Amino acid sequence: MNALAWNCQGLGNPGKFRFLKHLTLTEKPSFVFLSETISSYSKMEELCSKLGFEGFIAVEPRGKSGGIAMFWKNADNVNLLSLSQSHIDIVIKSFDKGEWRLTGIYGEPDRAQRHKTWDLLRNLSRDANLPWCLMGDFNNVTSQADKKGGSTYPNHLIEGFNSYLQDVELQDMDIIGHQFTWERGRNTSQWIEIRLDRVLVNAHWRSLFQMSKVYNIEGTPSDHSPLLMIPEQQIGDKIDLMNLLSSFIDNVDHHLSV
């Protein structure tokens, strides 16, 4: 039951669809959460069909920004709990693990309004009896080490986010691969990298999926890189990110040549 989360920053570019299609074919996620889709509900319905998923739920953007969607392979295994402009919350019924909760998050991009995300997460945590996993673009960091380049990240935002994590007892899962998930200005004097995207889990979920791993997939057609969460990685299984990227580039070259 792999899960993928990606801030795609709009899907109008055909290259982004090809990347997402190739990624879903290669890694076979059972769940995909997209943020900043900047797409209508009907477009997400069309995308669901093209990606080969059975069910989805989407929240349309406000104007020319925002928009989120969650896709899943088996509609019989999913119950929707709640949704907003910033989250989609579902319960997954697993044959061998029982029920667990997956929440896709798109954090408030306006720093002055960031408290709205924390308030939302606190409200969601009040019904956290199940094993719980949250993933997406939280638009916040947990320390100054989460940012490279540019000005210092505001300490009050770091303290506020960490205070939330402590209040609801969520663990920030380590990322395998590059430690930053957003960048701008690569190979210039203004190059900035930040870890804005992450996967958070409660102790119940962590104990249920002790072999779980989170991978950062670089080389994407967005400022954000997708995160791939593998709950039950078996010994010997791994994701070859270089082969994935090479295969994607070859696929793009093929489409450009026809």
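Asn-139 is buried, with a relative accessibility of 12%. This residue belongs to the loop between β8 and β9, and its phi is near 55°, a positive value in a residue other than glycine. The structure described here is a predicted model. A positive phi in a non-glycine residue is also found at Lys-28, where the angle is near 50°. Lys-28 is placed in the loop between α1 (14-27) and β2 (31-35). Whereas Asn-139 is buried, Lys-28 counts as exposed, at 58% relative accessibility.

Mean pLDDT for the protein is 90, and 90% of the residues reach 70 or more. Two segments stay under 50. Over residues 234-238 pLDDT is under 50, and the model has 3 contacts for this segment beyond four places in sequence. Over residues 246-258 pLDDT is likewise under 50, with 8 contacts beyond four places in sequence.

An open sheet is formed by 3 strands in the order β9-β12-β11, with antiparallel pairing. Its edge strands, β9 (147-148) and β11 (182-184), each pair on one side only. Strand β9 is joined by 2 bridges to β12 (residues 192-194), and the two run antiparallel. Within this part of the sheet, Lys-147 stands opposite Ile-194 of β12.

Strand β8 contains Asp-137. Asp-137 is buried but has no salt bridge, the nearest side chain of opposite charge being that of Arg-198, 7.9 Å away. A salt bridge requires a nitrogen-to-oxygen separation within 4 Å. The side chain of Asp-137 instead makes a polar contact of 2.9 Å with the side chain of Asn-7. Beyond four places in sequence, the residues touched by Asp-137 include Ser-35, Tyr-106, Leu-196 and His-224.

The loop between α3 (115-125) and β8 (132-137) holds Arg-126. Arg-126 is exposed, with a relative accessible area of 69%, and its side chain makes a polar contact of 2.9 Å with the side chain of Asn-123. The C-alpha atoms of Arg-126 and Val-168 are separated by 8.6 Å, although the two residues are 42 residues apart along the chain.

The whole structure contains 9 salt bridges. One of them joins the side chains of Arg-195 and Asp-172, at 3.2 Å from N to O. Because Arg-195 lies in the loop between β12 and β13 (197-202) and Asp-172 in strand β10 (residues 170-172), this pair ties together parts that are 23 residues apart in sequence. Arg-195 is buried, at 8% relative accessible area, while Asp-172 is partly exposed, at 25%.

Asp-172 also meets Arg-198 in a salt bridge, at 2.4 Å from N to O. Here Arg-198 lies in strand β13 and Asp-172 in strand β10, so the pair connects parts 26 residues apart in sequence. Arg-198 is buried, with 0% relative accessibility. Together with Asp-146, the residues Asp-172, Arg-195 and Arg-198 are linked in a network of salt bridges.

A further salt bridge is formed by the side chains of Arg-184 and Asp-223, at 3.4 Å from N to O. This pair links distant parts of the chain, 39 residues apart: Arg-184 is in strand β11, and Asp-223 is in the loop between β14 (213-216) and β15 (227-230). Arg-184 is partly exposed, at 49% relative accessibility, and Asp-223 is also partly exposed, with a relative accessible area of 27%.

Conventions:
Residues are numbered from 1 along each chain as its sequence is written. This is a predicted model: local features need pLDDT of at least 70, side-chain atom pairs count only at pLDDT 80 or more; totals for chains, interfaces and linings use all residues. Side-chain values use heavy atoms; hydrogens and water are left out. pLDDT is the predictor's confidence in each residue, from 0 to 100. Contact means heavy atoms within 4.5 Å. Two strands pair if DSSP finds at least two bridges between them. Helices (H or I, at least four residues) and strands (E, at least two) are DSSP runs, numbered from the N terminus. Buried means under 20% relative accessible area, exposed over 50%, partly exposed in between (1.4 Å probe, protein chains only). A polar contact is a pair of N or O atoms within 3.5 Å; within protein, one must be able to donate a hydrogen and the other to accept it, and residues adjacent in sequence count only if both atoms are side-chain atoms. Lys and Arg count as positive and Asp and Glu as negative; His and the chain ends are not counted.
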